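Open your viewer and keep the selection panel handy. We will walk through this model one selection at a time.

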Amino acid sequence: PVRHLLVLGFASGHYPNRGHVSRVFSETDIHRLVEGTQLPIDTQRGQLDRARAQFKRQLNMASDSASFFVPRRDPAGDAQSPSEALQFMLHMFGKEEDEILSLDLSVDRAQVRHLAENTIEDVQPPSVRPFGDIDISQDLLSLRVDAEGNPKPESPSALERMMVSPLAWLLQRLYAEPAVWRAEEANILLQGTLSHSVFEDLFAEDSAPPPRGKLSGLVKKGLEQAIQRSAPFMQSATWTVERRLLEAQLTKAAQAWHDMLTQLGADVIGTEVWLKGDLGGLGIHGQADALLALPGNRLLIVDYKKSSASSRRTRMERGYDSQVELYRKMLQTGGLKDKEKVELGDQIKSSDEIGVVYYNMNDTTALSDTGLAESSQLPDWEVLETDVSNEAMSLINERISELHKGKIRLNRDTDAEFFDKKAGVKPYALEVTPLTGLFMVADGEDRS
């Protein structure tokens, strides 16, 4: 027993605590399970009743009075509401909500009982220690090794993350990224997975493209199969609009791509082809969506993008598209990962010219760094004459050199704007974990 009870954290969801809500069964489902099986399954109502009983026992401990402290914000700084029990208490005692005392007001603070005040006047602020780039003095590119103890190869996406944020790259290597639960949604990543699956089935390896008139039906069937494999939740009626929109986009994209292949006289000689190579002593590998053989012993690497050409075009024009050069490096220094595909490997090695093209499905636009005589007849085929990778490869090589020495360059407070506005690269790496922002430093370097 106590004379006066102090109740802390009188915020929404507490006093009484909210019961656990099942993500699988509704409250009605649980009651039916209890009735049908006689098992002691805990219901939300039962949890709430126990929490109320506990709160009542706690209040009964006080013989004289009780004070309830309502925090305005949680530890993360987000605003909080008072406990839902407050309305019942105000009604029970005939009080108004505006009679709650605010500790920010001296008049209210004078009415509060049993509140200890801090009499220390000289408050010492926390010490602020400046920090800069990290030097671990260990080869960080050797964090992942294969069975023989050799460093595992890096992918184009990992190298782009390294370019944008070495710290984000390191946290991924250390499996130190936050594990965030997200509701099922048809986001751009899922749409990309479904779209790639449909295109790889339509334009298959060593097969002639299907007749143009049949593409609509084949897209519909292929998308249904892809959804069944990768996103069964999209089969429900709730996602009808999204399914139909994606189907219409893919049908239009497939028809335009069919026309381009026909005009180029191209044959699909490989799909989902794993390539490997070397970048200054560092192993690299990646998966090409398709390989096209063109007349004149030419080869074209295709990367399907479920996006519009605008963002990709910007980064290519400004020299920050690393993927083009990395694919070319793989073919020049390595080739196929699958050694059993001897015939395809020989065809790649004997090619007189190797180009790379991005096919952007949303606006049916192809972007390439390689000029083709046939492509001049295609209105939606754009050739960029500049070096589309020089700036990106320069930054990546600089990062690789630093990581070999164990140095981590922390992000500057101007990096997000630099990559987004000047380089044309969406800095997704800065959004993966809050640590990149927490350890961000002021930029004194001019990279314009």
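**Strands, helices and cores**

Start by selecting strand β4 (residues 267–279) and strand β5 (residues 282–294): they run antiparallel and are joined by 11 bridges. To see one of the pairings, pick V268, whose bridge partner in β5 is L292. Keep in mind as you look that this is a predicted model.

Now widen the selection to the whole sheet. It is open and mixed in its pairing, with 7 strands in the order β7-β4-β5-β6-β8-β9-β10. Which strands stand at the edges? They are β7 (335–336) and β10 (381–383); each has a single partner strand, so one side of each is left without a neighbour in the sheet.

Then move on to helix α5 (residues 156–164) and helix α13 (residues 390–404). Their axes come within 9 Å and cross at roughly 80°, so α5 and α13 are roughly perpendicular to each other. Show side chains here: L159, M162 and M163 from α5 meet A392, L395, I396, R399, I400 and L403 from α13. By class, this contact has 8 nonpolar, no polar and 1 charged residues.

Together with M163 and L291, L159 touches the most other members of the largest nonpolar core, which has 54 residues. Helix α13 gives the most to this core, with 6 residues.

For a last stop, select L190, L215, Y359 and A366, which are among the 40 residues of a second, separate core.

Key:
Residues are numbered from 1 along each chain as its sequence is written. This is a predicted model: local features need pLDDT of at least 70, side-chain atom pairs count only at pLDDT 80 or more; totals for chains, interfaces and linings use all residues. Side-chain values use heavy atoms; hydrogens and water are left out. Axes are lines fitted to C-alpha atoms, for helices over the stretch in contact, and angles run from 0 to 180 degrees between N-to-C directions. Helices (H or I, at least four residues) and strands (E, at least two) are DSSP runs, numbered from the N terminus. Angles under 35 degrees count as roughly parallel, over 145 as roughly antiparallel, 65 to 115 as roughly perpendicular and the rest as oblique. Contact means heavy atoms within 4.5 Å. Ala, Val, Leu, Ile, Met, Phe, Trp, Tyr, Cys and Pro count as nonpolar, Asp, Glu, Lys and Arg as charged, and the others, Gly among them, as polar. Two strands pair if DSSP finds at least two bridges between them. A nonpolar core is a set of buried Ala, Val, Leu, Ile, Met, Phe, Trp, Tyr and Cys residues joined through side-chain atoms within 4.5 Å. Buried means under 20% relative accessible area, exposed over 50%, partly exposed in between (1.4 Å probe, protein chains only).
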